[in-house]
Amino acid sequence: MIRVLLVEDHVLLRTALVAVFSLEADIEVVAAIGDGAEVLSTVRRTAPDVIVLDIHLPGIDGLGLLPLIQAADPRVKVLLLVSHPRPGDVRRAIRGGADGFQHTDLASGRLLAVIREIQAGERAIDPQLAINAMMYGESPLTARETEVLLLAAEGRSAPEVARSLHLSPGAIRNYLSAASAKLGARNRSEAIRTATDKGWI
């Protein structure tokens with residue numbers, strides 16, 4: 001029996017998946033939740049074999065949860081599902097040790113097969129998503145440029161970002177300018193949009 005924890009914030013999809021899983025003789029849904037904040041406590045309480053985890057959740061997202069889950073229970077397998085895949089998300093998932101990364105529009109039969117595959121120790125990365133990630137390549141941004149762009153994406157001004165990172169506003173403007181140049185963007189807003197679309201921030 002494969003014990004599955006389902007984490008999906010869309011109630012209709014979560015309900016439908018529970019119904020699909022319940023028809024399988026070798027799969028037991030030990031919990032179905034919709035909030036990332038509940039994941040770690042539910043993992044400790046239910047001891048699942050596989051977590052089917054939506055990448056986009058309120059609060060902390062699936063990619064942010066991945067290392068926390070691994071720290072809480074290294075034994076558990078994690079299958080990430082994504083409705084709007086970005087190349088950078090695929091790379092982060094693979095680097096983070098996800099056992100599977102699939103689009104949410106895959107057929108229910110394929111989803112069940114993927115769950116069984118990763119429980120058996122295989123990795124199941126959607127090949128088209130992997131190809132897209134390879135085509136876009138790695139982020140050209142440095143760690144500091146990424147950090148600055150992330151804070152700017154939250155709507156913070158250069159002085160506010162500077163205070164958060166204990167740097168001068170001039171240094172922040174330089175980082176934003178360098179990031180924009182690397183991304184071929186004309187301004188900060190365009191740089192944020194490009195980096196977000198590619199999953200680099």
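Okay, let's start with two helices: the axes of H2, residues 39-46, and H3, residues 62-72, come within 10 Å and cross at roughly 30 degrees. That angle is under 35 degrees, so H2 counts as roughly parallel to H3. Keep in mind that this is a predicted model. The crossing of H2 past H3 is right-handed. Who makes the contact? From H2 we have Val 39, Leu 40 and Arg 44, and from H3 there's Leu 65, Leu 68, Ile 69 and Ala 72. Sorted by class, that's six nonpolar residues, one charged and no polar ones.

Now, salt bridges. The count comes to 11. One of them joins the side chains of Arg 116 and Glu 24, at 2.8 Å from N to O. Arg 116 sits in helix H5 and Glu 24 in the loop between helix H1 and strand E2, so this pair ties together parts 92 residues apart in sequence. Arg 116 is partly exposed at 30% relative accessibility, and Glu 24 is partly exposed too, at 23%. Asp 26 joins in as well: Glu 24, Asp 26 and Arg 116 are linked in a network of salt bridges.

Here's another pair, Arg 92 with Asp 89, where the closest N and O atoms are 4.0 Å apart. Both lie in helix H4, three residues apart, which is about one turn of the helix. Asp 89 is buried, with a relative accessible area of 1%, while Arg 92 is partly exposed at 33%.

Last stop, helix H7. Its buried residues are Glu 145, Thr 146, Val 148, Leu 149, Leu 151 and Ala 152. What covers them includes helices H8, H9 and H10. And just after H7, Gly 155 takes a positive phi of about 95 degrees.

How values were computed
Residues numbered from 1 in each chain as written. Predicted model: local features only at pLDDT ≥ 70, side-chain atom pairs only at ≥ 80, totals over all residues. Heavy atoms only, no water. Axes fitted to C-alpha atoms, helices over the stretch in contact; angles between N-to-C directions. Helix = DSSP H or I, 4+ residues; strand = E, 2+ residues; numbered from the N terminus. Parallel < 35°, antiparallel > 145°, perpendicular 65-115°, else oblique. Left-handed = near helix turned anticlockwise from the far one by under 90°. Contact = heavy atoms within 4.5 Å. Nonpolar A, V, L, I, M, F, W, Y, C, P; charged D, E, K, R; others polar. Buried < 20%, exposed > 50% of the residue type's maximum accessible area, 1.4 Å probe, protein only.
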